[in-house]
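Me: Please take a close look at the aromatic ring pairs in this model. I would like one connected account of them.

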Amino acid sequence: MEVQVLPSVSVIITTHNRPDYLKESLAAVLKQTVMPKEVFVIDDGSSVSYEEVLSLFPKDQFTYIKVPVASGANAARNLGISKSTSDIVAFLDDDDVWDNDYLEQHIAVHQHADAVTCGYRFLETPDKIHINETEVITTDVIKKGNKFCGMSGVTCKASLAKKLMFDEELKNSQDWDFFVRITLEDTVFRNIPKDIYFYRRGHVSISTEVANMPLEKVFPRLKAFKKHKALLGKEAYNDRVANQILSQIGKKNNKLGWISLSVREAGLVATAKVILGKDRLRRKFGK
């Protein structure tokens, strides 16, 4: 009887100033039903000590790499990719937590895929689940936006990850940019329509940062859309830009300034679609 040899996996955990969260995410990785070949904890220039938390785990089960100066999650992921010696790389943010069979399920799908995503549930409210029923991710699907998951729900063939790497100039939409570029290769990109990890949103989040952002700070957040402007086409590009500029508009000061900026960058039609859409939602739910 022939014994099936499973592909090897490198797990890349990126962390910054959150040792308590890392304790949960690393513990989940080391309890997988299919154990990874190697685990890299990439500390992106933290100013707090991880010594106490790291001492709780066997040193031979992971490699801790401290980057002297914080360079962002994409740079940390790229460092992990460059260190990988496995068939598959799996990405995990320090504040998210995998189910114990997360890698087992991803590896099974990798028999017929080059990259895999999955659904998730919210750690603070586990009954709230995000699942996309689409099982094959194409360029046409992903150019409408990332409606699947963040990087904690992604695995990818190491050879593909080493070819693409992450764009370290992007400050947001890094996952969407990575997904777009995966689909532009000759690849099979599949989604597991099940929630198999916990996504945490209870800490100070990007949405809070966006709500308090001055106008000029939005331009770096448009880089991913500008990068793929030709692929998106005029209408989709304008819609994505308007949605980004008007994100959290209800919480922002200088609302007229943000609306004016959206009209200038994305046009009146795209801006109106976002504003009217938000108004309809507020009326529907009484908010």
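Reply:

**Aromatic pairs**

The protein has an average pLDDT (the predictor's confidence in each residue, from 0 to 100) of 92, and 92% of the residues score at least 70. This is a predicted model, in which local features need pLDDT of at least 70 and side-chain atom pairs count only at pLDDT 80 or more, while totals for chains, interfaces and linings use all residues. Residues are numbered from 1 along each chain as its sequence is written, and side-chain values use heavy atoms, with hydrogens and water left out.

Across the whole structure, 12 aromatic pairs are found. Rings of Phe, Tyr and Trp (its six-membered ring) pair if their centres lie within 6.5 Å; planes under 30 degrees apart are stacked, over 60 edge-to-face, and the rest tilted.

Phe91 and Phe166 make an edge-to-face pair, 5.3 Å centre to centre with 85° between the planes. Phe91 belongs to strand S4 (residues 88–93) and Phe166 to the loop between H6 and H7, 75 residues apart. Helices (H or I, at least four residues) and strands (E, at least two) are DSSP runs, numbered from the N terminus. Phe91 is buried at 1% relative accessible area, and Phe166 is buried at 5%. Buried means under 20%, exposed over 50%, partly exposed in between (1.4 Å probe, protein chains only).

Phe122 and Tyr199 are also edge-to-face, with ring centres 5.8 Å apart and planes at 70°. This pair joins strand S6 (residues 115–122) to strand S9 (residues 189–199), with Phe122 and Tyr199 77 residues apart. Phe122 is buried at 9%, whereas Tyr199 is partly exposed at 31%. Both belong to a cluster linked by ring pairs, together with Trp98, Tyr102, Tyr120 and Tyr197.
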